[in-house]
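User: I've got a two-chain model open and would like to learn how to read it. Could you walk me through some features?

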Amino acid sequence: MAIGSVATRGRVARRSWKQSAVGSWITTVDHKRIGIMYMYTAFVFFLFGGIEALLVRTQLATPNNKFLSPEAYDQVFTMHATTMIFLFVMPMWTGFGNYLVPLMIGARDMAFPRINQLGYWLFAFGGLLLTVSFLFGAAPNAGWFSYAPLTEATSACLQNPLATDQAATLQAATQAAQGLQGCFSPGLNMDFWIAGINLLGISSITGGINFIVTILRMRAPGLTINRMPLFSWMIMVMSFLLVFAMPSLTVASFLLLFDRHLGTHFYQAGAGGDPLLWQHLFWSFGHPEVYILILPAFGMISEILPVFSGKPIFGYTFVAWSGVAIGFLSFTVWAHHMFAVGLPPIAQAFFASSTTLIAIPTAVKIFNWVGTLYGGHIRFTASMLFALGFIVMFLIGGLNGVAVAVVPVDYQLTDTYFVVSHIHYVLFGGAVMGLFAGMFYWFPKFSGRMLDETLGKIQFWLFIIGLNLAFFPMHIMGLLGMPRRQYTYAPNLGWDQLNLISTIGAFILGVGVIVFIVNGIKTLGFMRADAPGDPWDAFTLEWATTSPPPAENFATIPVERSRRTLWDIKHPEDPEWRREH
Amino acid sequence: MSAVISPIETHAEGEQHTTRSFGWYGMVFFLASEAIFFANLIASYLYLRIRITGMGASWIPSGVELDKTLPFINTFVLLSSSFPMHFAARAIAKGDKRRLTIFLIMTVILGSLFLSGQAWEYTHANFNPSTGVFGSTFFTLTGFHGAHVTAGVIFLLICFFRSLRGDFSKDRHFAVTAVEMYWHFVDVVWVLLFTVLYLL
Ligand SMILES: [Cu+2]
């Protein structure tokens, strides 16, 4: 504490910049601070992605709308998905995991604090790179899965945005417009995407390795893997998926880079390459990715439901191992995104079956959550409302997902708004609802302050109403044949009212986010930091220390004898470890 | 609450003879991720090759010659570099710093020899990355491997200079352990690449 006030030779020593308010954050290797930086940064990107979503919905609100130019629209919808997936949900989970996993398992930090720091800065620069592309008028514009050959260019037709040779630039643009010589994307757009995505990929792999080693090697004495909190379990499964799935994306994007700049022909059909190779590589990353996005939410729900039901989780082992089963199966289903490309029937049968199979462990979890609620003394806190909303919304998203796993159904619905509806029920109804359940639950631990419950409940109802208005009509739009990603549409195709309703829903979601921001500012700016260590009467170890925890997390680490260590401490007359035998 | 254990004791870092260090586990998962990276490259190669030969075209475009003599020698060079690498790690595990230094520089020399061979092969090939999908895959796969060997040589050189400085001891030499794991990994990848690129 006395660092800044030590006097040397009669004059006050200058504080190193590392001890200043900003410097201490920039140079920190503490898992809690890095976790908070991840969460703040991810939240800023959430706002960017949200504004992009509202731009898309405004453009689509009415037929023949010219609110955005077609070129801008392509960039905005691509960056909406890219931002929400890579810059919001993934780093948000890394942030929660960073903060909570060491606390939950009774460790003082992550296994590799410096690599943790590196991971954060790679993420921050990758996100910055993707976002500043707008300033060059060259944001990625080929959809978040960047299908070849739309992303292709040859070195002959690449535009140099800094070039003064207007004629050459114009010629390149003309060639691009005509799709000549495999030149679809001559601008910097896809180069920004490749650079940004690879920085984020390295960041994710380092984060994944760090979580795995932390969880496998740093658990407190007595905390066997089968006693570990389920959130830590799901972060572990997510980390394995990161370590094993991200390399496919790295390879895919490097091959694209070489095609564009070094004259290779990986995805160029005319020269013997195959655009479908991109789809195989991308989706063998892309499907594990959707479980990277949802598994930590599963983990949060599995922490929150028991606490607010006043019961242990129903079927702990099933919840944990069904997560592992999902992790394994997620590597076997990728071609369900490719039914319409003409796969051999045997491959279609395989991927349709494996996709249906993955619904089983997911359903197991839902049964376990409902079983946890059954007969509990339920407390309807804001966090609990979001958790309950998660179950219902995710169920809808899961069921319409299984529907498109049926090959003939997929033929009809692929690339329509039905798929857009599916992804938003699982990612907004699932991941984002789970995220806010976790945010209201752990916010006191992060900040020492309780978020306003009333504002939280208002936000919950705005979210539930907004998301169903925004995304339910998309089912019908899809069934009526409205293709996704199109710039605008003609009137009287039966899509007009549905699109308008969807846009209204999107803006209601926007209001919900503003309510959360107001809540956050009110809590952090105007409330006293007097949250108790254990405000929810919870069960797990992170609540056994103060809110927020001291730098070293725990003065002493209790030996854990059950899955609910804190319950045991609070109820010595009825410890859980006695029930386990 | 009576039985408390200081986590400082239970989570002691650094080399221990009873348990592996955190760094060792970190390396294992890093290399696992790298293995998936190369598996994706090899799978892409086989996918494109089977697709092209399935359409009745020949994989190697006519007029292109793939020389196999130099790669054979190169394979021998890289595989034999595993031995000094192994002896270097063994030496420092016994605390022999002199042998560590000698074997590290031997590994560096063999690794550099491999890279020189590859550079010669690149400059003397009568095809380039644009010569069909064959050229694309050939230069991409060998190029990624070459980049890994280069990183390994740099890593080895750093270890060599650190060993001259006396950084390593019987109990503290994680960098040597890590570079050994990495080097053996790069060797194994080369055997696979050599098989699919030259022998298949
Ligand atoms: Cu999928």
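User: Let's start with a single side chain. Leaving aside neighbours within four places in sequence, which residues is A:Lys522 in contact with?

Analyst: A contact here means that two C-beta atoms, placed from the backbone, lie within 7 Å. On that basis, and with neighbours within four places left out, A:Lys522 touches A:Asp452 and A:Met527. A:Asp452 is 70 residues away from A:Lys522 along the chain, yet their C-alpha atoms are separated by 8.3 Å.

User: Before we go on, what sort of model is this, and how are things labelled?

Analyst: It's a predicted model: local features need pLDDT of at least 70, side-chain atom pairs count only at pLDDT 80 or more, and totals for chains, interfaces and linings use all residues. Residues are numbered from 1 along each chain as its sequence is written, while chains are lettered from A and ligands numbered from 1 in the order in which they are written.

User: How do I check a helix's length?

Analyst: The expected span is 1.5 Å times one less than the number of residues. Take helix α7 of chain B, residues 174-199: its 26 residues should span 38 Å, and the end C-alpha atoms are 37 Å apart, which agrees. In chain A, helix α4 (residues 113-132) has 20 residues and reaches 29 Å, close to the 28 Å expected.

User: And how do I read which way a helix faces?

Analyst: An α-helix has 3.6 residues a turn, so residues three or four places apart point the same way. In α7(B), the buried residues include B:Val179, B:Trp183, B:Val186, B:Trp190 and B:Leu193. The buried residues of α7(B) pack against α2 (22-54), α3 (69-80), α4 (82-93), α5 (97-124) and α6 (132-165) of chain B. On α4(A), buried residues include A:Tyr120, A:Phe123, A:Gly127 and A:Leu130, with α2 (31-60), α3 (70-104) and α6 (189-217) of chain A among the cover.

User: How many residues does each chain put into the contact between them?

Analyst: Chain B gives 29 residues and chain A gives 38. On the chain B side, the largest share, 16 residues, comes from α2(B).

User: Which non-glycine residues have a positive phi?

Analyst: A:Asp415 is one of them, at about 60 degrees, in the loop between α12 (407-413) and α13 (417-447) of chain A. A:Asp537 has a phi of about 55 degrees and lies in the loop between α15 and β3 of chain A. With 13 other C-beta atoms within 10 Å, A:Asp537 is partly exposed.

Methods:
Helix = DSSP H or I, 4+ residues; strand = E, 2+ residues; numbered from the N terminus. Buried ≥ 20, exposed ≤ 12 C-beta atoms within 10 Å, placed from the backbone.
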